[in-house]
Amino acid sequence: MIPAPFDYEIAESVDQAVELLGSRDDAKLLAGGHSLIPLLRLRFARPALLVDIGRVDELRYVRDAGEQLAIGAMTRHHDLHHDPLVQEHTPIVSYTAGLIGDPQVRHRGTIGGSVAHGDPASDLPTILAALDADLVVRGPGGERTIPAAEFFRGVFETALGPQDVLTEIRIPKLGPAGWSYVKFTRRAQDWATVGVAAVVRRSNGTIDEAAIALTNMGPKPVRAHAAEAALKTADDVNAAADVVAQESDPPSDTSGSAEYRRHLAQVLARRALEEAIAK
Ligand SMILES: Cc1cc2nc3c(=O)[nH]c(=O)nc-3n(C[C@H](O)[C@H](O)[C@H](O)COP(=O)(O)OP(=O)(O)OC[C@H]3O[C@@H](n4cnc5c(N)ncnc54)[C@H](O)[C@@H]3O)c2cc1C
């Protein structure tokens with residue numbers, strides 16, 4: 001289908017983007033366009049104005065920020081996958097970026113667009129939830145930082161207001177932690193039917209810390225706290241996998257029923273935890 005008519009402006013800076021978003025009711029940012037353009041074509045979105053931030057180079061970077069990596073919102077999936085700092089300090093992010101869609105999607109799609117879109121089937125939001133990342137947002141009232149646990153609110157719903165621009169993603173460095181992201185798809189290059197991210201920290205043979213997060217197992221990325229606790233107390237992958245779906249509310253759709261997804265999450269959690277512990 002052809003999108004409904006809209007006006008189009010190119011922003012040269014973040015401040016200009018914030019200003020342009022405030023210039024009309026129902027204005028929307030355009031980043032890589034790989035989620036928004038399909039919605040426009042289906043007329044599920046009918047913004048009056050598109051504000052293109054594709055040329056805002058100040059949002060395209062990866063920087064070492066001490067304990068964290070700071071990643072500009074317009075950094076593309078392809079660049080995340082190949083960036084040496086991301087590979088060294090947050091390899092789960094680099095690995096996962098390489099699993100997104102196909103090369104065309106990875107060359108256009110951005111981490112900021114993926115996060116701001118709030119699609120529970122997206123991969124990077126799950127990783128950010130597992131790593132307790134922070135999201136930096138600039139709006140008419142200035143800049144604020146929102147923890148990933150508070151940023152994702154529901155299906156296509158986030159903490160972003162209508163005039164907000166997500167500018168930076170701050171991700172704690174992993175250090176020596178073991179990690180894994182296991183994504184199950186019906187066909188190559190699909191969105192995840194279910195995905196499981198696991199990060200495990202061990203010392204002297206015991207598990208000190210575990211973070212487990214699930215993709216497409218609810219309206220937003222799900223942290224599996226019961227499974228994290230089971231892994232730490234019992235040091236048993238099977239005990240953790242058994243309760244991994246406890247806090248989830250999976251959808252039923254053409255890729256699988258909720259019941260199937262709960263079972264799949266257990267199987268994938270076992271694989272992800274074994275891989276993370278072995279790393
Ligand atoms: C064929 C195909 C396969 C795909 N497969 C996968 C997959 O396997 N896994 C996966 O995770 N994703 C997948 N995607 C989605 C892809 O990752 C998108 O690129 C991403 O979700 C959106 O990023 P974008 O830069 O294209 O954002 P856009 O489409 O430009 O924008 C998406 C939304 O975010 C808003 N937005 C964008 N940037 C900002 C910002 N900086 N601040 C505030 N709001 C902003 C826009 O206004 C819009 O509402 C796929 C897409 C396609 C087309």
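## Aromatic pairs, ligand shell and backbone

Q: What is the relative accessible area of tyrosine 95?
A: Tyrosine 95 is partly exposed, a class between buried (under 20% relative accessible area) and exposed (over 50%), with a 1.4 Å probe and protein chains only. The model is predicted: local features need pLDDT of at least 70, side-chain atom pairs count only at pLDDT 80 or more, and totals for chains, interfaces and linings use all residues. Residues are numbered from 1 along each chain as its sequence is written, and side-chain values use heavy atoms, leaving out hydrogens and water. For tyrosine 95 the value is 35%.

Q: How many aromatic pairs does the structure hold?
A: Rings of Phe, Tyr and Trp (its six-membered ring) pair if their centres lie within 6.5 Å; planes under 30 degrees apart are stacked, over 60 edge-to-face, the rest tilted. By that rule, the count for this structure is two.

Q: Tyrosine 95 and tryptophan 179 form an aromatic pair; how many residues apart in sequence are the parts it ties together?
A: The pair is tilted, with 5.6 Å centre to centre and 55° between the planes. Helices (H or I, at least four residues) and strands (E, at least two) are DSSP runs, numbered from the N terminus. Tyrosine 95 sits in helix α5 (residues 91–97) and tryptophan 179 in strand β11 (residues 178–184), so the parts tied together are separated in sequence by 84 residues.

Q: Which residue lies over the face of tryptophan 179?
A: Tryptophan 179 is buried at 12% relative accessible area. A charge sits over a ring if NZ of Lys or CZ of Arg is within 6 Å of the ring centre and within 35 degrees of the ring normal. At 3.3 Å from the ring centre, the residue over tryptophan 179 is lysine 279.

Q: What is the angle between the planes of phenylalanine 151 and phenylalanine 152?
A: Phenylalanine 151 is buried at 0% relative accessibility. Phenylalanine 152 is buried too, at 5%. Their rings form an edge-to-face pair, 5.2 Å centre to centre, and the angle between the planes is 80°.

Q: Which element gives the most to the shell around the ligand?
A: The ligand is surrounded by 30 residues, each with a heavy atom within 4 Å of it. β2 (27–30), α7 (111–117) and β10 (165–172) each supply at least two shell residues. With four residues, the element that gives the most is α7.

Q: How much of the ligand's 970 Å² does the protein bury?
A: Polar contacts pair N or O atoms within 3.5 Å; within protein, one must be able to donate a hydrogen and the other to accept it, and residues adjacent in sequence count only if both atoms are side-chain atoms. Ligand oxygen atoms lie 2.6 Å from a polar backbone atom of leucine 29 and 2.8 Å from a backbone N or O atom of histidine 34. Areas come from the Shrake-Rupley method with a 1.4 Å probe; for residues, only the protein chains shown count as cover. Of the area the ligand exposes when taken alone, the protein buries 91%.

Q: What is the phi of phenylalanine 156?
A: Phenylalanine 156 lies in the loop between β8 (152–154) and β9 (157–158). Its relative accessible area is 47%, so phenylalanine 156 is partly exposed. Although phenylalanine 156 is not a glycine, its phi is positive, at about 60°.
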